[in-house]
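Look at the sequence and the model below. The paragraphs after them go from one residue to the whole chain and then back to single residues.

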Amino acid sequence: QVQVVESGGGLVQAGGSLRLSCAASGSIYDINGMGWYRQAPGKERELVARISSGGSTNYADSVKGRFTISRDKAKNTVSLQMNSLKPEDTAVYYCNAYLFINSYAVKNCWGQGTQVTVSS
């Protein structure tokens with residue numbers, strides 16, 4: 001069993017900052033990549049940022065230069081520092097972990113989501 005738990009969402013004014021954190025725990029053999037996705041009302045879930053096992057990152061164009069993803073491999077955690085927040089960043093943010101539960105079986109795991117609301 002694998003658990004992915006996010007924390008750090010909340011309400012912030014436009015231009016402000018928030019930091020999201022996520023921890024994966026349980027029967028984990030190794031984690032390949034971790035990332036953050038978001039889903040706004042009436043829209044599809046979209047990638048915000050991902051970080052690979054080797055530390056390579058990719059970001060949605062809409063957040064480049066404002067958001068930074070980081071990872072602690074030893075602790076199976078990933079964080080998302082969000083600066084210069086805009087009302088259009090309002091969404092439920094989900095943590096994702098693509099991991100191995102043994103040497104050959106992979107699993108794509110999601111957290112329960114955390115609400116981020118940016119007021120104008």
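Is S27 buried, partly exposed or exposed? S27 is partly exposed, because its relative accessible area is 42%. Here buried means under 20% relative accessible area, exposed means over 50%, and partly exposed is what lies in between (1.4 Å probe, protein chains only). The structure is a predicted model, in which local features need pLDDT of at least 70 and side-chain atom pairs count only at pLDDT 80 or more, while totals for chains, interfaces and linings use all residues. Residues are numbered from 1 along each chain as its sequence is written, and side-chain values use heavy atoms, with hydrogens and water left out.

S27 is found in the loop between β3 and β4, where β4 covers residues 30-39. Along the sequence, S27 and Q1 are 26 residues apart, but their C-alpha atoms are 5.5 Å apart in space. Not counting residues up to four places away in sequence, S27 touches Q1, V2 and I101. A contact of this kind means heavy atoms within 4.5 Å.

Now take the whole protein chain. Its secondary structure consists of zero helices and 11 strands. Helices (H or I, at least four residues) and strands (E, at least two) are DSSP runs, numbered from the N terminus. Read along the sequence, the pattern is β-β-β-β-β-β-β-β-β-β-β.

What radius of gyration does the protein chain have? The value is 14 Å, which agrees with the radius near 14 Å that a compact globule of 120 residues would have. The radius is taken over C-alpha atoms, and the globule rule is 2.2 Å times the number of residues to the power 0.38. Along its principal axes, the C-alpha trace spans about 50 × 25 × 25 Å.

Of the 120 residues of the protein chain, 40% count as buried. The accessible surface comes to about 6,200 Å², and 47% of this belongs to carbon and sulfur atoms. Such areas come from the Shrake-Rupley method with a 1.4 Å probe; for residues, only the protein chains shown count as cover. Among contacts between residues at least 6 apart in sequence, 55% join residues at least 24 apart.

The cysteines come next. A disulfide is a covalent bond between the sulfur atoms of two cysteines. In this model a disulfide is counted when a pair of cysteine sulfur atoms is within 2.5 Å, and the count by this rule comes to one disulfide. The disulfide joins C22 to C95, with an S to S distance of 2.0 Å. This pair links distant parts of the chain: C22 is in strand β3 (residues 18-26) and C95 is in strand β9 (residues 91-100), 73 residues apart. Both C22 and C95 are buried. The torsion about their S-S bond is about -85°, so the disulfide is left-handed.

C109 counts as buried, because its relative accessibility is 6%.

Strand β9 also holds Y98. Y98 is partly exposed, with a relative accessible area of 33%. Leaving out residues up to four places away in sequence, Y98 touches I31, N32, G33, R50, V106, K107 and N108. The C-alpha atoms of Y98 and K73 are separated by 13 Å, and these residues are 25 residues apart along the chain.

R50, one of the residues that Y98 touches, has its place in strand β5 (residues 46-51). With a relative accessible area of 18%, R50 is buried. Apart from neighbours within four places in sequence, R50 is in contact with G33, M34, G35, Y37, S56, T57, N58, I69, N96 and Y98. R50 and I101 are 51 residues apart along the chain, and their C-alpha atoms are separated by 20 Å.

Two loop residues remain. N76 is found in the loop between β7 (67-72) and β8 (77-82). Phi of N76 is near 55°, a positive value in a residue other than glycine. At 22% relative accessibility, N76 counts as partly exposed. S84 is found in the loop between β8 and β9. S84 is not a glycine either, and its phi is positive, at about 50°. Its relative accessibility is 42%, so S84 counts as partly exposed.
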